[in-house]
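The report below is meant to be read with the sequence and the model side by side.

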Amino acid sequence: MVTKLFWLALFAVFSVSVHAKETAEDNYKAYCTQCHGIEGNGKGINVRDMSVVPRDHTDAKSMSGRSDETLFKAIKEGGASISKSVLMPPWGSTLSDEEIEDLVQYLRMMCKCKMS
Amino acid sequence: MMRMVMVVLLAFSGTALAEGGMLQGSCAACHNITGPAAQTLKDAFAKKGPDLFYAGNKYRQEWLVSWLQKPARIRPAGMFYGGHVKTGSKGDEIDPSTLISHVALSKADATSVAAELMKLKPHNDLIAKEKIEPGSVPRQMGEMAFNKFLGCMACHLIEPEYGGFSGPELYTAAKRLQPEYMASFIRSPQAWDRKSMMPNKQLSDGNIQKMVHYLETLSKEGTNGN
C-alpha cells in the first residue's frame, strides 16, 4: 500500500513538472512579441523586412473581425491555415491546446474586444 | 565592478586549466553544460547563452575552435530576445547596452574547450535518425522557401542585412552546425529544447533535405561565417 502511494505521488509530481502550463503572459512574451511587439502593437523587432505587417493586437476594430476559433487556428496551425501570411508560424508543437485557448483570451484582453 | 571584470579575465586567461576545467567553471556560468534543457519559460528567459550539453551533437569542431578565438554575435538580439528589446519611436528595437559579448579564448584554450564540447553527445539517438543525401538547391528556390513558403526570414537573418533579429542568423548556420543536427532541429525543435523559440513547421523529409542543402549553399557564399 505504501509502495503504491509512493508511486502515485511520484507520478503526480512527474506529471505536474512535465505538463506544467505556462501563463498566457509568458507565452505571449516568449513567442509573440518578437513580431507583434512588446506592447502588442504589431511593431516587434522582426518586422523591418517583412512583406506583411504583423497584426496589431491592440486594434479592436480588426481584432473584432476574428472569431476565437479563427484566432485559435491561426496560433495552432499558422497564418496560412486561415489564408493569412506564412510569416505567422504554427505553434501547435510548442503550445498545448489549453495554452492556446488562454492566449486567445489574452488577445481579447489586449484588444478589449470580442468578435462583433 | 572592476574587480569582477579582473576575476573574469583571470579565469579565462589561464592556459594551464585542467582538461574540462574551463567547461565546468567559466563556461558553465552562462551555458547549460549538464542538461536537461529548460523545462519552463522562466528558465528559458534566464538563459545567457545556448545550451552546450549536446554541443557534440550540434557543432562543427573546427568552427568552435575558430569562433572561440574570435567570437562574433550570432543572435542579433541575444540569447532570449525579450531581455534585450526596448520600445522605440518606430517600434521595438534591440537595446545593445544589454547585450554581453563572448570572451575570446587563446588558441590552446579554444582547441581544448572545443575538444571537450565535442564529447557531449547525449542525443546520438536523434542524430542517428537523420541521413543527409548529397544534393543542392538553386539559390532562387531556396530564397523563395525562406521568404514565401516557410517564412524563416521572419525571425532569422537569411542574409547579413535581410531578415528578422530574434533568432540566430541562418546564412552562417551550416558553417557552425552539423548537417544532421540541422535536419533534426528543423524536424522537431522541441525534441532538443522543449521551450525552443523555433516553431515546428511540420516539414516533410524531402523539404528538410532541401533546407539543409540550401543552408549549406548559403554558408559557402563567403558571407561572414566566422
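What covers the buried residues of H10(B)? Among the elements that cover them are helix H4 (55-58), helix H7 (124-128), helix H9 (173-176), helix H11 (189-192) and helix H12 (205-219) of chain B. Helices here are DSSP runs of H or I with at least four residues, strands are runs of E with at least two, and both are numbered from the N terminus. Helix H10 itself spans residues 179-187 of chain B and is mostly covered, 7 of its 9 residues being buried. Those buried residues are B:Tyr181, B:Met182, B:Ala183, B:Ser184, B:Phe185, B:Ile186 and B:Arg187. A residue is called buried if 20 or more other C-beta atoms lie within 10 Å of its own, exposed if 12 or fewer do, and partly exposed in between, with C-beta atoms placed from the backbone.

This is a predicted model, in which local features need pLDDT of at least 70 and side-chain atom pairs count only at pLDDT 80 or more, while totals for chains, interfaces and linings use all residues. Residues are numbered from 1 along each chain as its sequence is written, and chains are lettered from A and ligands numbered from 1 in the order in which they are written.

**The two chains**

Chain A has 5 helices and 0 strands, following the pattern α-α-α-α-α along the sequence, whereas the secondary structure of chain B comes to 12 helices and 4 strands. Two residues are in contact if their C-beta atoms, placed from the backbone, lie within 7 Å.

|---|---|---|
| Chain A | 36% of 116 residues | 48% |
| Chain B | 37% of 226 residues | 66% |

**A helix pair in chain A**

H4(A) and H5(A) pack at an angle of about 125 degrees, with their axes 9 Å apart. Axes are lines fitted to C-alpha atoms, for helices over the stretch in contact, and angles run from 0 to 180 degrees between N-to-C directions. The two helices are therefore oblique to each other, given that angles under 35 degrees count as roughly parallel, over 145 as roughly antiparallel, 65 to 115 as roughly perpendicular and the rest as oblique. From H4(A), the contact takes A:Asp68, A:Leu71, A:Phe72, A:Ile75 and A:Lys76, and from H5(A) it takes A:Ile100, A:Glu101, A:Leu103, A:Val104 and A:Leu107.

**Where the chains meet**

The contact between the chains takes 27 residues from chain A and 31 residues from chain B. On the side of chain A that touches chain B, the largest share, 7 residues, comes from helix H2 (residues 24-36) of chain A.

**Backbone details**

Most residues other than glycine have a negative phi, and most peptide bonds are trans. A:Ser83, in the loop between helix H4 (68-77) and helix H5 (97-111) of chain A, has a positive phi near 60 degrees, and A:Ser83 is exposed, with 7 other C-beta atoms within 10 Å. A:Lys112, found in the segment after H5 of chain A, has a positive phi near 50 degrees and is also exposed, with 10 other C-beta atoms within 10 Å. In chain B, the peptide bond from B:Gly35 to B:Pro36 is cis, with omega near -5 degrees, and B:Pro36 lies in the loop between helix H2 (21-24) and helix H3 (41-45) of chain B.
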